[in-house]
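Good morning, colleagues. Please look at the sequence and the structure first.

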Amino acid sequence: MTDKQPTSIYDMRVSNQVYEQLYDYIRRQPNRVCLADALYEHDFHCEMDNRGNIYFINNHTNQDYEILLPAEIGSFACGTKLQAIGSHWLGRQTEPNYIDDNTPVKCPLACTMGRQAPKLVNDCWYNTIAGINNIIETEKERDEKNQETFIVKDCLSRATSDNTNPDVIIVHTQQLYDIPQEQHEQKKNTGKASRMHKIILDPVASTSTSQKTTMKAEDAKMSGETEHTKTNTVISTESTHPPTLLPDYGGPIFRHRQASLRQLDIRDNTNNLITPDRWYSELRQGTLVLFAATMHSYVQKEPGQRSRKTWQLVAKSIKVIDRSNETIEPRYKVVLPTAEKRGTGPSTALADFKIEKKMCSK
């Protein structure tokens with residue numbers, strides 16, 4: 001008698017009709033926030049800033065077009081890079097591309113749907129991808145009419161090389177690191193000269209015992225308030241954390257001085273914020289999530305080079321709908337040698353091998 005195999009998390013979602021309930025909820029929302037049902041230029045349109053970057057406006061609300069996108073988190077092999085360095089290019093050994101306070105670091109999440117999801121859900125997923133593809137192709141045709149050519153990087157991918165049509169949507173997190181607002185203000189005000197005014201001295205008051213006592217009392221009160229604030233800290237999307245809260249943060253690539261790790265709007269199914277030390281566990285492969293995301297294109301123009309246009313879906317918030325029991329993929333601290341290191345593999349051993357011929361004595 002063979003042991004019964006445990007039911008997979010995906011089978012349980014099918015049997016509990018989780019996929020259908022989620023899509024039914026999204027499609028019932030007003031203002032066409034389900035991209036599978038929305039029509040470009042009818043339900044939303046694009047606008048452009050003075051740099052040529054594109055963003056989208058909802059025609060029904062006249063606000064940013066924010067879509068609700070249900071998806072399952074894909075693996076690293078599929079394109080997910082939820083890690084301390086995000087998708088940051090490390091540079092070359094002789095020219096490392098360091099991450100400092102001004103470096104934008106985002107994490108791409110490869111989003112798939114289904115494995116065993118019902119046909120209706122997979123059809124909605126296909127229509128969402130078709131909707132994104134239609135936006136990109138429409139804007140490409142518009143660029144050609146304006147005699148503008150770009151190297152285009154879109155936000156669609158393929159889970160395997162066998163697939164002819166895209167079946168993966170890449171959604172980026174917001175920036176991981178930023179300088180706290182109070183330090184921004186301090187930096188802004190640094191170096192600004194202002195007229196100084198002399199203090200009017202009161203020799204009696206300045207040596208008054210009562211004033212010293214009052215100042216000590218105020219200091220004690222402020223200290224008490226500070227302690228009270230510390231013990232009653234509530235995590236919010238305005239909170240910041242030390243970057244070392246991410247287990248793979250560290251090494252020579254990071255050159256942060258003031259930047260902190262942001263508390264992104266990532267929530268569990270009870271709507272509580274998930275702190276960064278739990279991101280890798282809670283957003284592991286197979287996790288079913290709901291994104292509230294906006295779509296953008298960013299233009300990069302460099303003298304003497306062909307301009308680039310990068311399309312991104314950026315998550316304003318992520319909510320875990322159903323957790324996964326897949327294995328957490330390992331992360332490692334980046335090792336970035338500044339000089340070429342000698343290899344230790346078989347190829348190196350082969351290169352070092354020489355036959356020493358013995359000279360025969362006559």
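A salt bridge here is a side-chain nitrogen of Lys or Arg within 4 Å of a carboxyl oxygen of Asp or Glu. With that criterion, a search of the whole structure finds twelve salt bridges. Please bear in mind that this is a predicted model.

Before the individual pairs, a word on the overall fold. The protein chain has eight helices and 13 strands. Of its 362 residues, 38% are buried. Among contacts between residues at least 6 apart in sequence, 70% join residues at least 24 apart. The chain exposes about 23,700 Å², and carbon and sulfur atoms supply 50% of that area.

Asp37 pairs with Arg27, with the closest N and O atoms 2.9 Å apart. Asp37 lies in the loop between α2 (18–27) and β1 (44–48), while Arg27 belongs to helix α2, so the pair ties together parts that are ten residues apart in sequence. Both partners count as partly exposed, Asp37 at 23% relative accessibility and Arg27 at 40%.

The next pair is Asp123 and Lys119, whose side chains meet at 2.8 Å, N to O. These residues are four apart in helix α3 (residues 119–145), and therefore about one helical turn separates them. Asp123 is partly exposed at 33% relative accessibility, whereas Lys119 is exposed at 63%.

Lys309 and Asp143 also form a salt bridge, at 2.8 Å from N to O. This pair links distant parts of the chain, since Lys309 is in strand β13 (residues 308–322) and Asp143 in helix α3, 166 residues apart. Lys309 is buried, with a relative accessible area of 3%, and Asp143 is buried at 9%. Elsewhere, salt bridges that share partners join Arg13, Glu72 and Asp322 into one network.

Beyond its neighbours within four places in sequence, Lys106 touches several residues, including His172, Tyr298 and Val314.

Finally, the cysteines. The whole structure contains zero disulfides. For Cys78, the nearest cysteine sulfur is that of Cys111, 9.0 Å away. Cys78 is buried, with a relative accessible area of 13%, and Cys107 is buried at 1%.

Methods
Residues are numbered from 1 along each chain as its sequence is written. This is a predicted model: local features need pLDDT of at least 70, side-chain atom pairs count only at pLDDT 80 or more; totals for chains, interfaces and linings use all residues. Side-chain values use heavy atoms; hydrogens and water are left out. Helices (H or I, at least four residues) and strands (E, at least two) are DSSP runs, numbered from the N terminus. Buried means under 20% relative accessible area, exposed over 50%, partly exposed in between (1.4 Å probe, protein chains only). Contact means heavy atoms within 4.5 Å. Accessible areas come from the Shrake-Rupley method with a 1.4 Å probe; for residues, only the protein chains shown count as cover. A disulfide is a pair of cysteine sulfur atoms within 2.5 Å.
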